[in-house]
Amino acid sequence: MQNLRQQFKLAFENFWRGLRQWSGDSAYETYLACAERQRSQKPLSATEFYVDQLNRKYSRPNRCC
Amino acid sequence: MAERETVKRLLQILIWTAVAALGAVALGTIAFHRGEPINATWFVLAAACSYLLAYRLYSAFIAARLLALDNTRATPAERRDDGRDFVPTNKWVLFGHHFAAIAGPGPLVGPTLAAQFGYLPGTLWLIAGAAFAGCVQDFVILFCSIRRDGKTLGEMARDEVSKRGGLIAQLAVLTIMIILLAVVALVVVNALKSSPWATFTLAMTIPIALLLGVYLRYFRPGRVLEASLLGVALVLFVVVAGQWVADSPYLAKVFTLGGVTLAFAIIAYGFAASALPVWLLLAPRDYLSAFIKAGAIFSLAAGILLVRPQVLMPPLTRFVDGSGPVFAGKIFPFCFITIACGAISGFHSLISSGTTPKMIQREGHARFIGYGAMLLESFVGVMAMVAACAMTPGVYFAINSPASIVGATPEAAAATISGWGYPLTGGTMTSLAHAVGEQTLLNRAGGAPSLAVGMAQIFSSTIGGDRLLSIWYHFAIMFEALFILTVLDAGTRVGRFMIQELGGRVWKPMGRMNWMPGIVLSSALIVGAWGYFLYQGVVDPLGGINSLWPLFGIANQLLAAVALVVATTILLKMAKLKWIWVTLLPMAWLVIITMTASFEKIFSANTRIGFLSQANSMAAQLAAGNVATAKIADTQRLIFNLRLDAAVTAILAAMILVLLVEALAQWFAILSRRKQPVMQETPYVATQWAEAD
C-alpha cells in the first residue's frame, strides 16, 4: 500500500514538473540554474527574464495554422 | 534467457499483426460501408491503428536507414545551453510544446469544410497524408535543423539550395502569413456574425488577457500556471454570462454585429496586439488559449469515445463532381488543398526549424517529437471530421453554404438542400438555432459554427443533455475563436518583424525593432495586407471561404513543397539516393496538387472556380448594363479582387517553379558529379551526458 502511495506521489510530482515546464512556469528557475553553472554575467531579474523571454518567443513563428 | 527473448519477440509480432488486422478491418469498413450510418468508433480504430503502425514501422525505418539518428552526438541544446533559447528539455514536455505550436485551427476547419465531399476522401487523406507526407516533413526538417544548430527553413534553403531558394522561402512565409491571417479572421467573423453571446464572450477575453498580462508582469512575474488557472475560470464564467447578455434587449443589441463591423474590430485588435508590448495582450491570451485548446481537444476525444456517435454523412456526396456549395472544385485537387493541416502543412516546417530543434535533448527524440506530434494532429483532424459528419447532412450544408446558393431563409435553404437529396425542413434549422442560443445558423460558411454544433451535440450527449446544448455550443465557439485569435495576433507580430527586417535592408531605422514609428508603420502594413483580404472575403457574395480557403491551402502546400525540396537536397548531399523517394514522392505530389489547383483557380471556365472567368463574367454583365447603378462600384471592386486573387495564385505557383528549377539544377550537378556536395552541418561533438533513454 505504501509502495503504491509512493508511486502515485512520484507520478504526480513528475506530472507537476512536466506541466510547469510545458507552461513556462519554471522557465526562470531553469534559467537561473543555467546562469549559476555558467557564471558568465549577472543573471536577469525574474521580471527582466520574463519580458526578454516573451520578446524572443513572439518574434518568430511559434503558432501554426 | 534466449527462450524468453524469443517469446517476447513472438508476442510483439502477434500484437503488431493484431493491430494491423484491426486497422485493415476498420479502414475497409469505413471505405466500403454504404447505405446505413456508420459508427464513429470505426474512424477512431482506423486512425489509431494506422498511426501506431506508421510510427512503429515507417518512422523507425526513416530514423534508422534514412537519417541514422545518433544519440551519441550532442544536440544544439547541449552544446549551446543558455537557459533562454537553447534549453535541454524532457522529451514528453517538448512533445507537448511542439504539439501546442503546430496544432492550430487548420486541422479543425479544413476537415469540416472537406466533409462536403462525404467523410471518405478527407479521412483517407488525413491518415495517409500524415503518415507518408506530413509527419515525414516535420521529422526530416527537425532533424536537418538539429544538425545545423537550429537554423530556420529560410536559412537552410539559402545554405543548401541557393540564395534565391532562401529568398523564395522567406517570401513564401510572408505570403502564407498574410493569406492565413485573412482566412482565419474570416472564420471568426462568420462565427460571431449576428451572435451577441459569442461576440460578448470573445470580447471579454481581451480584458481578461490584459488583467493576466499585468498580473504576470508586475505581481507574479512568470507564474504562468496560477495566472492561467485564474484566466480559464474567468473565461468559463463569461461563456455562461454571454447567455444573460443575449437575453438582455439592450446588451444584445450592442453585441449584435454585422460582418463588416466585426472585420474592422478584428483588424483593430490585430494592430493593437502587434504594436502593444507582447506581455500585455499577446502572451497572456496565448497562455489562455493553450490551456483551453488542450482541454477542448481532450474533451472532444473523450466525448467521441464515450458517445460513439453515428456518422450520418455518406462516404461520398454528389459534390465530388465539383459543384459543392461550401467551395467549388472536384476532390482532386481541392480535397488535398482544403485539408492541409492534419495531413501536411508547410507551416509546421517553421516550427520544426524554430524553437523545437533548440530544445531537443537527444537526436533520437526527433522521431517521437517530429513524427509523433504530427500523427496526433492528424488524429485531431479525424475527430473534427467525425464531429462534422455526425450531424445531419442537411444541417451541415445549411450552416456552411452561402445565401447566394441556398437562400437566406430557413424555408428556402431547406427546399434547396432537400432538392439535393439531403432532407431538411425549415423548422429543423429554426429549432436548432434556438437550442444553441443563436438567432440563426444559416449561411455561416467557415467551418467553425458547424464544428461547434457537432462538438456541442457530442458534449451534451455526455454532460447536461439538451439543457446545456447552448452553453456547449458557445464554449466550442469561444474555444475556436480564442485560439484563432491567438494565431492572428502572434502571426501579425511575426509578420511585423519580417516587414521590419526586409524594410531595414532598404532604410536602416526600419530594421530597429524598438523604434516606435517603424513598429507602427510595419504593424499597419501587415494588418492592412491581411485586413484587405479579410474585407474582400466578408463582402464576397459567395461567402469568401470559396476563394480564400483554397488560396490559403495552395500557399500552405507551397511552403510544404519548399520544405521537402530543402529536405530532398540535404538527403542527396548525405548520399542517401537509395531512400530519396521518402521525401521526393510527397514533394512531387504536393507540386502536382499545388500546380493543378493554381491552374484551376486561375483559368477554370467554371465561374465558381476560376478567378478570371468569374471576373470576366462580371465585367461582361457590367459592360452589358445588366448591373444596377447602386451595385456598379461593388461589382467593380469584386472584379478587381478576383483579378488580384488570380495574380496572387500565379505568384505562388511561379515561386515553387523557380525553386524547383534551382533545386533540379543543384541535384543534377550533384548526381552527375559536376559539383562536390557541400553540407552545412555542424561538426560532430560527442555528448557529455550519460546514455539514457
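**Two chains and a helix crossing in a predicted model**

The crossing of helix 8 and helix 12 in chain B is right-handed. Helix 8 of chain B covers residues 163-192, while helix 12 of chain B covers residues 259-275. Their axes come within 9 Å and cross at roughly 135°. Angles over 145 degrees would count as roughly antiparallel and those from 65 to 115 as roughly perpendicular, so helix 8 of chain B is oblique to helix 12 of chain B.

Which residues meet where helix 8 and helix 12 of chain B come together? Helix 8 brings Ala185(B), Val188(B), Val189(B) and Leu192(B), and on the side of helix 12 they meet Gly259(B), Leu262(B), Ala263(B) and Ile266(B). Sorted by class, the residues of this contact are seven nonpolar and one polar, with no charged residue.

Stepping back to the whole of chain B, its secondary structure consists of 28 helices and two strands. The C-alpha atoms of chain B occupy a box of roughly 70 × 70 × 60 Å along the principal axes. For 693 residues, a compact globule would have a radius of gyration near 26 Å, and the 25 Å of chain B agrees with that. Of the residues in chain B, 56% count as buried.

Chain A has three helices and zero strands, and its elements run α-α-α from the N terminus on. Its radius of gyration is 17 Å, well over the 11 Å that the globule rule gives for 65 residues, so chain A is more spread out than a compact globule. Its C-alpha atoms fill a box of roughly 50 × 40 × 20 Å along the principal axes. Buried residues make up 31% of chain A.

How do the two chains meet? The contact takes 29 residues from chain A and 47 residues from chain B. On the side of chain A that touches chain B, the elements giving two or more residues are helix 1 (2-23), helix 2 (27-38) and helix 3 (46-57). Helix 3 of chain A gives the most, with eight residues. By class, this side of chain A holds 14 nonpolar, 10 polar and five charged residues.

Methods
Residues numbered from 1 in each chain as written. Chains lettered and ligands numbered in written order. Predicted model: local features only at pLDDT ≥ 70, side-chain atom pairs only at ≥ 80, totals over all residues. Helix = DSSP H or I, 4+ residues; strand = E, 2+ residues; numbered from the N terminus. Rg over C-alpha atoms; globule rule 2.2 N^0.38 Å. Buried ≥ 20, exposed ≤ 12 C-beta atoms within 10 Å, placed from the backbone. Axes fitted to C-alpha atoms, helices over the stretch in contact; angles between N-to-C directions. Parallel < 35°, antiparallel > 145°, perpendicular 65-115°, else oblique. Left-handed = near helix turned anticlockwise from the far one by under 90°. Contact = placed C-beta atoms within 7 Å. Nonpolar A, V, L, I, M, F, W, Y, C, P; charged D, E, K, R; others polar.
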